[in-house]
Amino acid sequence: MAYVLILLVVIIIALMIYNIIIYKRIQNFNNINQKITGLNVLQDFMNTIGEYSSVDEKIKKINDILIEKYDIKYSTIVMFDGAEYSVKASNVKEQHWEALRNLHNQEIFKDSIATATPKYITVNNENERLPYQTMEFGRARSAMFFPLYIDNVYIGYWIIESGEPHAFDKIDTTILEVVKENIIAVYKTISYQNTVENISRKDLFSELNSAEFLYGQGKKIIDKYTTSTVCMFRITNLEKINEDFNRETGNEVIIQLSKYIRESISSEYVFVRYMGPKFVIVFSGVNIEGVAEFIQDMKNNIENMKIEEVQKENVDNKKDKKIRYASPKLNFVLTTYYKGTALENVTKKLEEYLDNADKNENDINNI
């Protein structure tokens with residue numbers, strides 16, 4: 001009998017040890033699985049940076065990824081630009097956005113923002129409502145609030161919600177903290193693009209967008225295609241026209257040249273005044289061979305223009321003054337742009353070529 005008891009004790013101890021080992025393996029598996037999920041989400045975030053052109057589209061896509069990968073019922077990202085709050089992404093009905101973009105005014109979240117710590121709130125039964133809910137009752141019964149900071153600068157918050165009370169009682173907040181940091185990292189990466197999109201402006205004389213347009217709204221058009229041809233050209237004799245005639249005549253050359261090109265190209269092509277005498281045309285979805293003949297014809301037509309000298313109002317004896325004409329000379333350089341690569345690096349390479357070319361060069365070059 002004693003041997004049987006000893007055997008049973010040994011079996012029980014063995015089973016306990018086995019269960020502990022299995023438990024640890026399950027925990028390790030869960031940790032590995034969570035890390036893999038985190039890496040996959042981060043990879044999806046990085047892909048989003050390249051695939052979606054506008055900043056707002058990228059943030060919305062990131063929020064969709066969070067909802068899908070982590071099975072979140074409601075997720076909302078609210079950003080603060082220093083002046084006002086705006087809902088950048090949410091799968092909550094828009095009628096509730098006003099309440100969600102004013103959570104910073106709720107006493108329950110003020111301390112969370114001040115201390116940069118998450119806040120978890122929930123109700124105990126279905127007859128209660130969360131403090132910030134004004135025009136809704138049953139949509140959300142638990143929520144986790146995460147203030148967002150970049151280098152100790154407050155930029156907004158992320159809030160996830162559930163329709164169930166105590167939904168986040170057992171959730172691994174470590175994972176959510178990692179997700180939050182990923183949101184911040186991605187937003188930090190695309191904040192430069194947000195700045196570029198907002199500083200794009202129209203040039204006074206050419207009525208063209210500035211170079212910044214290329215890297216914001218322009219890139220959205222260009223990246224509809226796998227490859228495009230980027231063409232940069234310089235009016236090589238613009239400075240000489242300014243000297244031999246006057247700056248007003250140089251401005252008129254820019255006006256006439258820009259008008260001619262605008263009327264000659266498709267709306268799918270992006271045409272900007274890059275800087276000073278340099279301009280860029282991106283032939284979206286067209287290879288270099290497809291634009292070569294067009295560029296040559298356009299170059300010939302522009303260089304055959306006769307633009308009358310602009311007479312200044314204070315010039316004496318204007319009637320007796322001989323009429324003179326200016327003709328622009330152009331130097332072109334073309335290359336291929338591939339979707340997903342850095343467009344600014346492509347334009348920088350073209351600019352370096354034109355800046356280092358002989359001042360009298362007047363050609364069409366492929367690099």
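Which residue of E8 stands opposite Ser210? In this predicted model, the residue that faces Ser210 is Arg273. Strands E6 and E8 pair in the parallel sense, and two bridges hold this pairing. The two strands belong to an open sheet of six strands, arranged in the order E6-E8-E9-E7-E12-E13 with mixed pairing. The edges of this sheet are E6 and strand E13 (364–366), each of which pairs on one side only.

Helix H10 lies across E7, E8, E9, E12 and E13 and runs at about 35° to E7. The helix contains 14 residues and spans 20 Å from its first C-alpha to its last, close to the 20 Å expected at 1.5 Å a residue. Its buried residues are Leu343, Val346, Thr347, Leu350, Glu351 and Leu354. Because these residues cover an arc of only 130° around the axis, they fall on the same side of H10. The elements against which the buried residues of H10 pack are helix H6 (217–222), strand E7 (227–235), strand E8 (270–275), E9 and strand E12 (330–338).

The side chains of Lys278 and Asp355 meet at 3.1 Å, N to O. Since Lys278 lies in strand E9 (residues 278–283) and Asp355 in helix H10 (residues 343–356), the pair ties together parts that are 77 residues apart in sequence. With a relative accessibility of 6%, Lys278 counts as buried, whereas Asp355, at 41%, counts as partly exposed. Salt bridges with shared partners join Lys278 and Asp355 with Arg234, Glu239 and Glu351 into one network. Glu351 is also one of the buried residues of H10.

The structure holds 14 salt bridges in total. Another of these is formed by the side chains of Arg262 and Glu207, at 4.0 Å, N to O. This pair links distant parts of the chain, 55 residues apart: Arg262 is in helix H8 (residues 247–264), and Glu207 is in the loop between helix H5 (173–199) and strand E6 (209–210). Arg262 is partly exposed, at 33% relative accessibility, while Glu207 is exposed, at 51%. A further salt bridge brings together the side chains of Glu98 and Arg101, at 3.1 Å, N to O. Glu98 is partly exposed, with a relative accessible area of 46%; Arg101 is likewise partly exposed, with a value of 27%.

The loop between H5 and E6 also holds Ser206. This residue is buried, with a relative accessible area of 1%. Because buried denotes a relative accessible area under 20%, the value of 1% places Ser206 in that class. Neighbours within four places in sequence aside, Ser206 is in contact with Ile254, Ser258, Arg262, Arg273 and Phe279.

At 0% relative accessibility, Ile295 counts as buried. Apart from residues up to four places away in sequence, Ile295 touches Cys231, Phe283, Phe332, Leu334 and Ile364. Ile295 and one of these residues, Phe332, are 37 residues apart in sequence, and their C-alpha atoms are 8.6 Å apart in space.

Pairing was also examined around strand E1 (residues 74–80). Strands of a sheet pair through backbone hydrogen bonds, in either a parallel or an antiparallel sense. E1 is mostly covered, with six of its seven residues buried. E1 runs antiparallel to strand E5 (residues 153–162), to which six bridges join it. Within this pairing, Ile77 stands opposite Trp158 in E5. E1 is also joined to strand E2 (residues 85–90), in this case by five bridges and again in the antiparallel sense. The bridge partner of Thr76 in E2 is Ser90. E1 and E2 form a hairpin with four residues between them, and Gly82 in the turn has a positive phi of about 100°.

Definitions and conventions. Residues numbered from 1 in each chain as written. Predicted model: local features only at pLDDT ≥ 70, side-chain atom pairs only at ≥ 80, totals over all residues. Heavy atoms only, no water. Buried < 20%, exposed > 50% of the residue type's maximum accessible area, 1.4 Å probe, protein only. Contact = heavy atoms within 4.5 Å. Expected span 1.5 Å × (residues − 1). Arc of directions from axis to C-beta. Pairing = 2+ DSSP bridges. Axes fitted to C-alpha atoms, helices over the stretch in contact; angles between N-to-C directions.
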